[in-house]
Amino acid sequence: MSSSSMDTGMSLSMAMSSGPMNNPSGTLRAASSETMAGMAVHAQMGADGNNTWFTFHLVNAGAAQEVGFSIDGHGMWVIAADGAYVRPVRIQPQILTLINSLFFLILRPSSARNTNSYTIRAVTRTHQTYEGRAYLTYGNTSANSSTVDAPWMSVIGSFSTNQTTLLDPAQLPPYPLQDLPRATRQLWLDVNQTESTVWVLHRVPFQDNNNRVLPLLLAPRADPGVFSLSETEQEVIDVVMQIAPDSLDAMAHPIHLHGHYFRVLGSKANSMFPSNMTVNEVKNRMRDSDIAAALDLSNTSPQRDSAHLPENGWLAIRFTANNPGVWLLHCHINSHLSSGMAIAFMEMRNHFSSFDTAVTTVPAIAPLTPLAEA
Ligand SMILES: [Cu+2]
């Protein structure tokens, strides 16, 4: 495994700060930042004494990999996901799903001396195996190997103790708990790979990924990939995304929505969501089904801006369409997005009609003069 392949295969950003635990109403801040891209970094904690808490902000910036993450000899208390507070949960080690960001706390072990160093491990869990390492020390010691023999995770991501707890992103309810609004409308999206290089979220490739059309904000248009929401009142939208049975590939996708936090109602791999039923109908009329069991329609359903559509399965989300503008819902794998795996929500248009007028006053931009041949 060369370091260059590791650089392209995995990129994990980490920011750290120390000090007393913040009040949950405070802001999450990071004091310094390092990127683990196959090379060792040295995280040096300056605080002395025991009972010192440190905050880490961990971002999986990888293209198509789930990442396992652990710090030898330390438990981790996850306190926020995608920038929103969650009910704190202690885990060790953790799996970081694609594109999610997590804040977590660690407590300096009471046995830690300034000569101790602890290995920070990151390992990919899907496709190819890449590994990154860094070292955590307390005080002024520099170290390039772990002096504490308490590994939680091996190079291939398997667990070396039976005290491990996997992080299940579906089990991170909002903190404080939040009422789930009732849905007023449901969209059904057939997620499909229609050609070897064409991925779609809804029948046809989204068109704003090229320069052939004006931006929707300036030039609203009717299009199968454009949905008008909350034209006259505030709507609460359920979106059910299903890997289509005729898709050339049934792989999983990381789905991201701009402009909102949404509630993750549920997801299930290798499963077909009934296309003629609403989420609430499935929950109420199919009580004993595994599909209903995978739905959380309570105040504990997670609040995120990204969620995992599992392979050959479905993902259901709910959001309140109360943010005027044009917002993309898309797969976060770049090659899928660029081939059209997106839709757009034109939301509360009555609040931005002035943009329509602006279109007529924006001067046409002359095409660039072709560069002269040298
Ligand atoms: Cu995708």
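This is a predicted model: local features need pLDDT of at least 70, side-chain atom pairs count only at pLDDT 80 or more; totals for chains, interfaces and linings use all residues.

**Stop one: a sheet of six.** Select strands S13, S12, S15, S20, S17 and S18, in that order: they make up an open sheet of 6 strands with mixed pairing. Now look at the edges, where you'll find S13 (198–200) and S18 (303–304). Each has a single partner strand, so one side of each is left without a neighbour in the sheet.

Zoom in on S12, residues 185–195, which pairs with S13 in the antiparallel sense over 3 bridges. Pick out Gln 193 and you'll see Trp 199 of S13 standing opposite.

**Stop two: a sheet of five.** Next, select S14, S22, S21, S16 and S19, which form an open sheet of 5 strands, again listed in order and with mixed pairing. The edges here are S14 (226–229) and S19 (306–309), each left without a neighbour on one side because each has a single partner strand. From one strand to the next, the twist averages 20°.

S16 (residues 253–257) runs antiparallel to S19, and 4 bridges join them.

**Stop three: the cores.** The largest nonpolar core has 45 residues, and Leu 201, Met 241 and Phe 345 are among those that touch the most other members. Strand S20 (residues 314–321) gives the most to this core, with 6 residues.

Centre on Leu 201: its contacts include Leu 189, Val 191, Cys 331 and Ile 343. Finally, select Phe 69, Ile 79, Ile 91 and Tyr 118, which belong to a second, separate core of 26 residues.

Conventions
Residues are numbered from 1 along each chain as its sequence is written. Two strands pair if DSSP finds at least two bridges between them. Helices (H or I, at least four residues) and strands (E, at least two) are DSSP runs, numbered from the N terminus. Axes are lines fitted to C-alpha atoms, for helices over the stretch in contact, and angles run from 0 to 180 degrees between N-to-C directions. A nonpolar core is a set of buried Ala, Val, Leu, Ile, Met, Phe, Trp, Tyr and Cys residues joined through C-beta atoms within 7 Å. A residue is buried if 20 or more other C-beta atoms lie within 10 Å of its own, exposed if 12 or fewer, and partly exposed in between; C-beta atoms are placed from the backbone. Two residues are in contact if their C-beta atoms, placed from the backbone, lie within 7 Å. Lists of a residue's contacts leave out its neighbours within four places in sequence.
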